[in-house]
Amino acid sequence: MEGKFEAVLHDDYYKDIELCWFSCGLIADKKEAAQIIKKLAISHPMSNYLHLKRVKQFNDELHVLIKRVEDNEDSMLFIEGITQIYTIQVPLKKPLTRKQFIESQKFWNCHFFEDKKLEKYVAGLMFTSEEIERHKCYMKLAQDEATKIMSPAGGLIVDPEQDIILARGYTNTKWHPLQHAVMKCIDEVARLQGGGAWNEPAAVNRTSDDKRRISVDIDGTAVEQESGAPVEKRSKIESYLCTKYDLYTTHEPCIMCSMALVHSRIGRVFYIHPDPFAGGIGSRVKIHCRTNINHHFEVFRMHDFDKKDLYNE
Ligand SMILES: [Zn+2]
């Protein structure tokens, strides 16, 4: 099955447009239009509605917005040079996407500055085919991490610049209630930088030097380049924890893990399975989109990628 990537963006980008009521009228004499608009800008400024064009030409007539009309407000107005005053619904907010812009234009002309990168993200077309293969391959390895010990979830943290895996983790809450796959991966990166909180559980038979450089061939084959060779430690000056790193996790991080990703300054997160009960970057909340946090990161959900697809494609 052909999988696809969904950028998990702020809800505002997917919302239907909202409307509000404005009083509007016809400019009686077009020659006086500039003068009337100038006066309106002073008497009825539209500073909260700069996305709306003040004038719209329709059937060779100039219609001009006068002011917003609140609910139950008497819309009766007398403005010199403007006739046939009526109320009309116009877009309340500026359009953020081309889809919203096209919808907004049906009601009133709006200003719109297209963000080409955003449009690609909304359409799910942000990665090249080569990048997609690489993401799939890393996700396969994250799935392998989980299946090794029949853990519910597995993850990897990758440095995409060097194309190496820095940390691997799986959910192991039997050993420690906070040891979710994501927390485990972050802790492993912290250990590479001289920190970290957890020692490996003996039962899992992993050693502290089990941090191997792993490259991923473009054909999707994971290759351990040099078994046992430790990954170079990154100094704290060079990088703060997970800055510019990618996390691949089979399951959407919970809210606790999502906040840990904020604190660790992760670059991008990829996941397959949403968590409708505790998901922190898509299902319950979108922590990475909140304006009141001091770090934001990109999130992508991989649809229709089950293990069989990842192995066979
Ligand atoms: Zn978690």
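Strand E11 (residues 268-273) and strand E12 run parallel and are joined by 4 bridges. Helices and strands here are DSSP runs, numbered from the N terminus, with at least four residues (H or I) for a helix and at least two (E) for a strand. Two strands count as paired if DSSP finds at least two bridges between them.

Some background before I go on. This is a predicted model: local features need pLDDT of at least 70, side-chain atom pairs count only at pLDDT 80 or more, and totals for chains, interfaces and linings use all residues. Residues are numbered from 1 along each chain as its sequence is written.

Back to the pairing. Tyrosine 271 has arginine 301, in E12, as its bridge partner. E12 (residues 298-303) also pairs with strand E1 (residues 4-7), in the antiparallel sense, over 4 bridges. There, lysine 4 has histidine 303 as its partner.

What is the order of the strands in the open sheet? It is E1-E12-E11-E10-E6-E7, 6 strands with mixed pairing. E1 and E7 (164-170) are the edge strands, each pairing on one side only.

Now the helix. H4 covers residues 129-148, and its 20 residues should span 28 Å at 1.5 Å a residue; the end C-alpha atoms lie 29 Å apart, which agrees. The expected span is 1.5 Å times one less than the number of residues. Just after H4, methionine 150 takes a positive phi of about 55°.
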